[in-house]
Amino acid sequence: MKILPTRAASVSRQGLCTALLVASLTAAVGISPPHNTADADDPAKDPKNPQGMPHGTPNLTLPDLRPKGRPGLPGASGPGKEDTKDATTGIPATALDAYRKAAQRAATDMPACHMPWELIAGIGQVETQHATYNGARMTADGTTDKPILGPQLDGNGFATVKDTDQGLWDGDTVYDKAVGPTQFLPSTWAQYGADGNGDGVKNPNNIYDAALATAKYLCAGGKDMNRPEDLDRAILSYNNSRSYVNAVTEWMRAYQQGNVPSLPDRTGVGTGNTPSGNTPSGNAPSRNVPSGSGSTPSGNTPSGNTPSGKPQPSKPSPGGSTGTTPSKPEPGKPGPDKPDPGKPGPDKPDPGKPTPPAPQANRLDRVGDDKAWEANAGETFKEKARVLVRDQSGKPMAGARVRFVLSSDDGAAFTDASTELTVTTGKDGTAEALRVVAGPKIGKVKVTATVVGRNLAAVEFKGTVSVLAAEQVDVVGKPSLQADPNSAFADRFTVKVLAKGGKDVVGSAITAKVTKLDGKPATDKDDKPIGPYFKGPDGKRTWWLEAGTTDKDGVLVLPSLLTDGKSGEYLLTVTTADGKAHTFNLTVKAPTATLSPPKATPAT
């Protein structure tokens, strides 16, 4: 996904290393099958998913090309702090702390994902060298001292992505750019952005927020990083490139093995840990086999060789024989190639003992009470959807796949920002979905659980979303309250709605009205409305507007307020559905008089 330029020398070296790596892996495990990145549970379900489209050239330098003992990229002058590097991994201390805390949070919020911090670090390394690209440094709270932005995604060498955030994060109101330590597109950040440092703000330029958002994005759809195919699909959804997957995976392995600065040169040597169909049995992401150790994954040890890969001499038999001459079976006893006719052999089932049928899911039950869930807009429901799968005999069934689908009319989502999850039942036969985050307005939610591949009755969980009572309406910033006639107010008016205790009110419906100072409609002598106005949904002038609902931070930005040719004093009143209001005293200036040039005096 990374869209930052890479130096020519680094590109040539990393290109050679990647080619050798792929060649060695192909020789070791065979040609990789085609990778299907379109899955209904994943961010990559849309083949045009912007986050996975070409955003630039990632830094695919692998760990084996890292000079031994290199302490990391130098810092730059500015408000960023000098950040010590971890002696084992070479990662700046702030970034390392962010990666570890993000993984800990993921273990709580998305336990089935098994997110290792080393994977987040691999993304951070390949994308921006842990937020140090181009001399950037981090301030005390983990925010970069200058934005790390990719090029404009105008289709010139990269994907075409029109602006989605009005330039809020990338400063570009025409096209989008990737932003921050892990290079999120603004549209992706809007869905997966996270508050990793607990300051109440989701900022893609902050390493703590970016690291947690990266974990959420990779885990989305119920993926499990201990499953090689899920790991592969997750990284591909970040950047749909096999070289990118190889680079991120290599860095992840290097961090898991430790002592990165002193890694030996491993050019062209496969790790045996490639994802999606290329991972030998027993080599799940949690397993760390140091490169060059000679260890062979379980189930792949060549015949006659020990796990070290060295042939072992045959041991003499107890009678002194070398063991090279096979012994003859006694005539009266069945030999190794002659099964006993009286006993069922490996290919001859015992006719007296029929093989029991494999268990199949036969019933799906709800776990817990059937009370409707309740939450306020923007908050997380305390309940979780949990079901029990039983087999034909009524016993709990392990290994069944349960699909949870969330539907709502208010934009609700699971805590990983997805609306569909697939969870495998445990030994007790139960499967549990992630918690649901309510959308930004009043509405209803429903989670439907079904067993994949079985036509069983579904189980439904229903909830309602309410809005907190407003206590006060505050103005955000210092907007200009004066404007010229036949123009517009320079600033868009922004309000924030708070409940008791100063809590943000998400989903509060706001109306805006322009009147005279006494609250009566402003009209001319013909009783036609005059004064500052908004444009309604139909594009016509309106002096009363349903402005929308407050966002996840309790904030609403009103549409632009325009002026006609009538000067004077006016009142803008912003009111919540439960009657709390804030007023703005507006002035439309009188037109500036245009003086006629003095007439020339005739010469006398």
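This is a predicted model: local features need pLDDT of at least 70, side-chain atom pairs count only at pLDDT 80 or more; totals for chains, interfaces and linings use all residues.
Angles under 35 degrees between two axes count as roughly parallel, over 145 as roughly antiparallel, 65 to 115 as roughly perpendicular, and the rest as oblique. The protein has 604 residues, of which buried ones make up 44%, and its secondary structure comes to 7 helices and 20 strands. Among contacts between residues at least 6 apart in sequence, 66% join residues at least 24 apart.

**How the helices pack in pairs**

- Two packed helices are described by the angle between their axes and by the distance between those axes.
- The axes of helix H5, which covers residues 207-219, and helix H6, which covers residues 228-238, come within 9 Å and cross at roughly 120°, and H5 and H6 are therefore oblique to each other.
- H5 passes H6 in a right-handed crossing, and the contact is made by Thr214, Tyr217 and Leu218 on the H5 side and by Ala234, Ile235, Ser237 and Tyr238 on the H6 side.
- Sorted by class, the contact of H5 with H6 has 5 nonpolar and 2 polar residues, with no charged residues.
- Helix H2, made of residues 93-109, packs with H5 at an angle of about 40°, and the axes of the two helices are 8 Å apart; H2 and H5 are therefore oblique to each other.
- The crossing of H2 and H5 is right-handed, and H2 contributes Thr94, Ala95, Asp97, Ala98, Tyr99, Lys101, Ala102, Arg105 and Ala106 to the contact, while H5 contributes Ile207, Tyr208, Ala211, Leu212 and Ala215.
- The residues in the contact of H2 with H5 divide into 10 nonpolar, 1 polar and 3 charged.

**Helix H2 by itself**

- At 1.5 Å a residue, the 17 residues of H2 should span 24 Å, and this agrees with the end C-alpha atoms, which are 24 Å apart.
- The buried residues of H2 are Thr94, Ala95, Leu96, Ala98, Tyr99, Ala102, Ala103 and Ala106, and these buried residues pack against H3 and H5.

**Helix H3, an enclosed helix**

- Helix H3 runs over residues 117-128, and at 1.5 Å a residue its 12 residues should span 16 Å, which agrees with the 16 Å between its end C-alpha atoms.
- Because 12 of the 12 residues of H3 are buried, this helix is largely enclosed by the rest of the structure.
- The buried residues of H3 are Trp117, Glu118, Leu119, Ile120, Ala121, Gly122, Ile123, Gly124, Gln125, Val126, Glu127 and Thr128.
- H3 is followed by Gln129, whose phi is positive, near 50°.

**The loop between H3 and H4**

- Most residues other than glycine have a negative phi.
- Asn134, a residue other than glycine, has a positive phi near 55°; its place is in the loop between H3 and H4, and Asn134 is exposed, with a relative accessible area of 59%.
- Gln166 also has a positive phi, near 55°, in a residue other than glycine; Gln166 lies in the loop between H3 and H4 and is exposed, with a relative accessible area of 63%.
- Thr144 is found in the loop between H3 and helix H4, the latter at 186-192, and because buried means under 20% relative accessible area, Thr144 counts as buried at 8% relative accessibility.
- Leaving aside neighbours within four places in sequence, Thr144 is in contact with Ala131, Arg137, Met138, Pro181 and Asn205.
- Thr144 and Pro181 are 37 residues apart in sequence, and the distance in space from C-alpha to C-alpha is 8.0 Å.

**A residue in strand E19**

- Thr575 is found in strand E19, which covers residues 568-576.
- Not counting residues up to four places away in sequence, Thr575 touches Ala509, Ile510, Thr511, Lys580 and Ala581.
- The C-alpha atoms of Thr575 and Gln472 are separated by 9.9 Å, although these two residues are 103 residues apart along the chain.

Note on methods
Residues are numbered from 1 along each chain as its sequence is written. Side-chain values use heavy atoms; hydrogens and water are left out. Axes are lines fitted to C-alpha atoms, for helices over the stretch in contact, and angles run from 0 to 180 degrees between N-to-C directions. Helices (H or I, at least four residues) and strands (E, at least two) are DSSP runs, numbered from the N terminus. A crossing is left-handed if the near helix is turned anticlockwise from the far one by less than a right angle, and right-handed if clockwise. Contact means heavy atoms within 4.5 Å. Ala, Val, Leu, Ile, Met, Phe, Trp, Tyr, Cys and Pro count as nonpolar, Asp, Glu, Lys and Arg as charged, and the others, Gly among them, as polar. The expected span of a helix is 1.5 Å times one less than its number of residues. Buried means under 20% relative accessible area, exposed over 50%, partly exposed in between (1.4 Å probe, protein chains only).
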